[in-house]
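This briefing goes through a few local features of one structure, grouped by topic. Please keep the sequence and the 3D view open while reading.

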Amino acid sequence: MRKIAVVNMKGGVGKTTTAVHVAAGLAARGRTVLLIDADPQGNIGHGFRIRHTHTLEDLLLGAAPTEAVIVRSVRERVDMIASTPAAFSLERRLAGETQRETILARRLRSLTGYDAAVIDCSPAMNLLTYNALLYAEEIIVPVAMDLMAIIGARQTLNGVAEVRDLWPDRRLDLLAVLPTFTSATNNATKSALEALEHDPQMGPYLFSPGIRQCIDLNYATSQRQTIWEYAPRSRAAEDYTRFLDFVDRQEEADAHAVKEEAKTAI
Ligand SMILES: Nc1ncnc2c1ncn2[C@@H]1O[C@H](COP(=O)(O)OP(=O)(O)OP(=O)(O)O)[C@@H](O)[C@H]1O
Ligand SMILES: [Mg+2]
C-alpha cells in the first residue's frame, strides 16, 4: 500500500487540489484509495459535501475505531477520513500522550484493503503534519511560483530531514516537487523554476513544468468536481493527467527496483 502525503508549510500553494486529484486520479486508474484530511480547515470534507459522525480527531484521541471514522465511497473507489476545526485543539489535548507524533501511524497500522492513502496537510509543521509524515512513505511538495512558497518548501524539507534523523528506520521519500500556478509568459514563474532547478535538495525531484495556472481549477472546486469532470479539456486537466501518469509509473519503478534488489540478494 502506498502512503503519500502532500505538504508545504506555505498556504495556498495547491496542496488540497493536488491531494484530491492524486486520490481521484489513482482511483480512475483502478486503485482503491483512502483520502485523509489532516488539515483542520476541513477543505476536503466541504469539497465532497460529506456527512460524518467521526473525524480524524476522534481517531487520534482514541475516541473511535478506524472503521468508524472512515467515510465510505465518497467517490468510486475513494473512501475518506475527514477533519473539522475541532482538530485545531489536538496539539493541546494530546500533550500528555507519549510518542504523540506516531499516533496516526499506530492507529492505521493494521489498515488493509487500500492500494493507496493520500494525506492532505495543513500549511504548518504542527503535530498533525508530523503525524502525517510519520505515517506516509512518500511526499509531494507543491510549490507556487513565488519566493515565499519556495522558502516554505525548504522549511518543509528541513522538517522532513528532522523526521528522518529522529526515525532513521522509517521510509520517507520525496516523490515530487510540483510547481503550481505556473505561467509560461510570467517572469516570476521563470525565476522560481530556475531557483527550484538549482536547489540541490529539490532540483532532482522537480516535476517540470508542473501544473499551469488555470481558473477552471477554482470553478471545479466550487462545483465540488475534479478538473477531469468539470473541464476535461483544460490545461489543468492535461497537467494533472501527466502528473498522475508519473505518480502511477513511480510505483511500477519502485516495484521493479524491489524485484531487482531481491534478485541480487539471492
Ligand atoms: N494551478 C492552479 N491554477 C489556478 N488556481 C489553482 C491552481 N491550483 C489550485 N488553485 C486554486 O487555488 C486555491 C488554493 O488551492 P488549495 O486549496 O489547493 O491550496 P492549499 O495549499 O491546500 O491551501 P491551504 O494551505 O490553505 O490548505 C483554490 O481555490 C484552488 O482551486
Ligand atoms: Mg489545503
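After helix α1 comes Gly30, which has a positive phi, near 95 degrees. The model is predicted.

**Helix α1**
- Helix α1 covers residues 15–28, and at 1.5 Å a residue its 14 residues should span 20 Å.
- Of the 14 residues of α1, 13 are buried, so the helix is largely enclosed by the rest of the structure.

- The shell around ligand 1 has 20 residues, of which Gly11, Lys15, Thr16, Thr17 and Pro123 come nearest.
- Both α1 and α10 (215–222) supply at least two residues each to this shell.
- By type, the shell residues are seven nonpolar, 11 polar and two charged.

**Strand β2 and its partners**
- Strand β2 spans residues 33–38, and six of its six residues are buried, so the strand is largely enclosed by the rest of the structure.
- Strand β4 (residues 78–81) pairs with β2 in the parallel sense over four bridges, and Val33 stands opposite Val78 of β4.
- Strand β5 (residues 116–121) also runs parallel to β2, joined to it by six bridges, and Ile36 has Ile119 of β5 as its bridge partner.

Definitions and conventions: Residues numbered from 1 in each chain as written. Chains lettered and ligands numbered in written order. Predicted model: local features only at pLDDT ≥ 70, side-chain atom pairs only at ≥ 80, totals over all residues. Expected span 1.5 Å × (residues − 1). Buried ≥ 20, exposed ≤ 12 C-beta atoms within 10 Å, placed from the backbone. Near = placed C-beta within 6 Å. Nonpolar A, V, L, I, M, F, W, Y, C, P; charged D, E, K, R; others polar. Pairing = 2+ DSSP bridges.
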